[in-house]
Amino acid sequence: MNDKTSLLEARGLCAGYGSIPVLFNMDFSVAPSESVGILGHNGMGKTTFLRTLIGGLKATAGEIRLDGADITHLKPHDRARRGLAYVPQGRAIFSTLTAYENLRLGLYKTGQDATEAIEMLLEYFPRLKRLLDRPGGSLSGGEQQLLALARALAGNPSILLLDEPTEGIQPSIIEEIAETLVKLRSTMNLAIVLVEQNLDFIAAVSQRVLVIRRGQFVGEIPLEHLTDLEVVSQYAGVHA
């Protein structure tokens, strides 16, 4: 069933909300250090897919394997301990805690020295250095996204799941996030699964891009075609 070259894979995955099915018999895999983008209309199942992978939503059929082990029925915190990290749409930082305290929460139960681990993280996120004493809620949208990414990486995951990370963020920080993710993929041996509507961003970060439609993966868009809006619209129904 499992592909030994895959770090994370789903086979025959189904999920939904109550009696309403959303995902249908989905097959997916991502290799170590690979970045996979997912494109599709709103309401096609992108967020549901990520939530099912992380365990926030129970699979109704199929299985999910991480590094060969079946994690289909594990709780989210157990999946996180095994190396799965998730940054949801909206970032979900703790607005009343300082940036430093948010980062420390990412280190909870890792056993790492907080000072040393945070210093290492800040090498990847230098913009946060001057913001450590500020409440998370006082940061700009882009700064909050950088903080959410850094917090997710504090536990040294093997896979990072990202849901619409560029939403509501100024272009300069979008470019910074893209450059940081590419660097992290190579230096931390990090696999990335990215749900995104920003075509420039998904092209900059992803090595391959899948199309989701009505809760199923229906194809793959070659990276060179992401600049052709007509092709993208035909495949995924996404407009720049």
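## Helix 6

Helices (H or I, at least four residues) and strands (E, at least two) are DSSP runs, numbered from the N terminus.

Before going on, note that this is a predicted model, where local features need pLDDT of at least 70 and side-chain atom pairs count only at pLDDT 80 or more, while totals for chains, interfaces and linings use all residues. Residues are numbered from 1 along each chain as its sequence is written, and side-chain values use heavy atoms, with hydrogens and water left out.

Which residues of helix 6 are buried? They are Ile-173, Ile-174, Glu-176, Ile-177, Ala-178, Thr-180, Leu-181, Leu-184 and Arg-185. Buried means under 20% relative accessible area, exposed over 50%, and partly exposed in between (1.4 Å probe, protein chains only). The buried residues of helix 6 pack against several elements, including helix 4 (114–124), helix 5, strand 7 (159–163) and strand 8 (191–195). Just after helix 6 comes Asn-189, with a positive phi of about 55°.

## Two nonpolar cores

A nonpolar core is a set of buried Ala, Val, Leu, Ile, Met, Phe, Trp, Tyr and Cys residues joined through side-chain atoms within 4.5 Å. The largest one has 47 residues, and Leu-160 and Leu-181 have the most contacts inside it. Helix 5 (residues 141–153) gives the most to this core, with 7 residues. Apart from it lies another core, of 30 residues, among them Ile-38, Met-44, Leu-84 and Leu-210.

Now look at Ala-152, which lies in helix 5. Its relative accessibility is 17%, so Ala-152 counts as buried. Not counting residues up to four places away in sequence, Ala-152 touches Ala-85, Val-87, Pro-157 and Leu-160; contact means heavy atoms within 4.5 Å.

Next, find the open sheet of 4 strands in the order 2-1-4-5, with antiparallel pairing. Two strands pair if DSSP finds at least two bridges between them. The edge strands are strand 2 and strand 5 (69–70), each pairing on one side only.

Strand 1 (residues 8–17) has 8 of its 10 residues buried, so it is largely enclosed by the rest of the structure. Strand 1 pairs with strand 2 (residues 20–30) over 7 bridges, and Leu-13 stands opposite Met-26 there. In the hairpin of these strands, 2 residues lie between them, and Gly-18 takes a positive phi near 60°. Strand 1 is also joined to strand 4 (residues 59–66) by 6 bridges, with Cys-14 opposite Ala-61.

## Helix 1 on the sheet

What does helix 1 touch on the sheet? Helix 1 packs against strand 1, strand 2 and strand 4, and its direction makes about 115° with that of strand 1. Axes are lines fitted to C-alpha atoms, for helices over the stretch in contact, and angles run from 0 to 180 degrees between N-to-C directions.

Helix 1 (residues 46–54) is mostly covered, with 7 of its 9 residues buried. Among them are Phe-49, Leu-50, Leu-53 and Ile-54. Gly-55 follows helix 1 and has a positive phi, near 100°.
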